[in-house]
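My notes follow the structure.

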Amino acid sequence: MSRNTQLFERACQTIPGGVNSPVRAFRSVGGTPRFIKRAQGPYIWDAEDTQYIDYVGSWGPAILGHAHPEVVRVVQETAVHGLSFGAPTEGEIEIAEAIAARLPSIKKVRLVSSGTESTMSAIRLARGFTGRSKIIKFEGCYHGHADSLLVKAGSGMLTFGNPTSAGVPPEFIKHTLVLDYNKLDAVEAAFKEHGQDIACIIVEPIAGNMNLIKPVPGFLEGLRALCTQYGALLIFDEVMTGFRAGPQGVQGLTGVTPDLTTLAKVIGGGMPVGAFGGRADIMDHIAPLGDVYQAGTLSGNPVAVAAGLVTLKLLAEPGFYEQLSEQNRKLTEGLAQRATAAGIEMCTDYVGGMFGLYFCGSVPTSFDEVSTCNTERFKKFFHGMLNRGVYFAPSAFEAGFISGTHDDAVIQATLDAAEEVFATL
Ligand code: KE4
């Protein structure tokens, strides 16, 4: 019995499903999850010391590559002075200023410890600021596991094909309108019907939880105009895309300015940091200044903040994103070329350091379209690559991620493995 199998069986005795987050369980691709014991740069090693080229990158945070020496060093140097104080620290000011300097839409920001906390808090703030109850989200978008958002969520939920979660009373989601991503007319109709009751729209400005789905031209601009017209807030959930899709997230790529932005993943560099921020007149409603309560014991944790600060600093080095995007182009175009050469219907897309692989004829623009992709073929591809030392996301409904350490040799090794696998599909 393999070490991974032994560990998984043991884990299942005390951890539900053997994992601390559902998508890690390989339920949608089958097989035994790999228990990772170390990582460096573009590589991870499992419990049997098998090396993999990693395209999950902890679901986004590892944009510099795993265990970047400068990030590890600052964690070590910070930790020796204490792990957590529950009191303000200078580092929290520095990262707030660093985030605001990179995202002009953010005038004030509150740190939390996960993406879920950031979106949950941003929605409460939008409701408190507007005095309204209804929210709009889009099917296939995932914003973490706060009750009012577990409605036709994407990511792990989509993988299980379970459009809503048990344990969420109907009353908790009756204010959540779920519309189709990239369909602006449905949003207009919703505002016509509920306009004065809608507190906010929360949207992944580039969706990464139903595979990678980009906004069609005019979609984000239309959301912005409708929110302005009806006095609702536009929340860009950039937990995944923030400093991943580009140096200023999707708002920097598109010029569409949200009222609030949620962040996590990259801003912690692999340590638990989330954040929500935006217009000062809105953020000033957050306790202790305002009447919208939000709090967190480990919010702004000094060790996590130190890792995030060094990560943001290193990302600002000239040429980082240009190189990241170029390597992503080589990977995704190379995969598509080899699939086509093998007669496999597969296409790809990418932006910045994130990408999508679709076993269908054209790049999807909606949840319905991506749902028609050939998930059986994806499973075979996933395991074929895994057996050749390449670790993609264990779900057809997740985006992939590269890092600054995925150099030409790593990309070529990936493409060589893919050429072999496509021949077996
Ligand atoms: P966390 O609570 O997992 O830190 O963040 C929730 C979240 C919020 N918003 C967006 C756009 C997200 O992508 C996420 C989390 N992303 C998933 C990956 N698809 C995390 C992986 C997991 O659930 O284990």
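**Ligand site**

I started at tyrosine 142, where a backbone N or O atom lies 3.4 Å from a nitrogen atom of the ligand; I call that a polar contact, meaning a pair of N or O atoms within 3.5 Å. This is a predicted model, where local features need pLDDT of at least 70 and side-chain atom pairs count only at pLDDT 80 or more, while totals for chains, interfaces and linings use all residues. Residues are numbered from 1 along each chain as its sequence is written, and side-chain values use heavy atoms, without hydrogens and water.

Next I checked lysine 265: an N or O atom of its side chain is 3.1 Å from a nitrogen atom of the ligand. At glycine 115, a polar backbone atom sits 2.9 Å from a ligand oxygen. On its own the ligand has 540 Å² of accessible area, and the protein covers 88% of that (Shrake-Rupley method, 1.4 Å probe).

I then listed the shell and got 17 residues around the ligand, with Ser21, Thr116, Asn209, Asp237 and Glu398 the closest (a residue is near if one of its heavy atoms lies within 4 Å). Why do I put the ligand between domain 1 and domain 2? Because domain 1 (3-67 + 318-422) and domain 2 (69-315) both give residues to its shell; the bounds come from an automatic or database domain assignment.

**Cysteines**

I searched the whole structure for disulfides (cysteine sulfur atoms paired within 2.5 Å) and found zero. Cysteine 200 is in none, and its nearest cysteine sulfur, on cysteine 227, is 8.0 Å away.

Conventions:
Polar contact = N/O pair within 3.5 Å; in protein donor to acceptor, adjacent residues only side chain to side chain.
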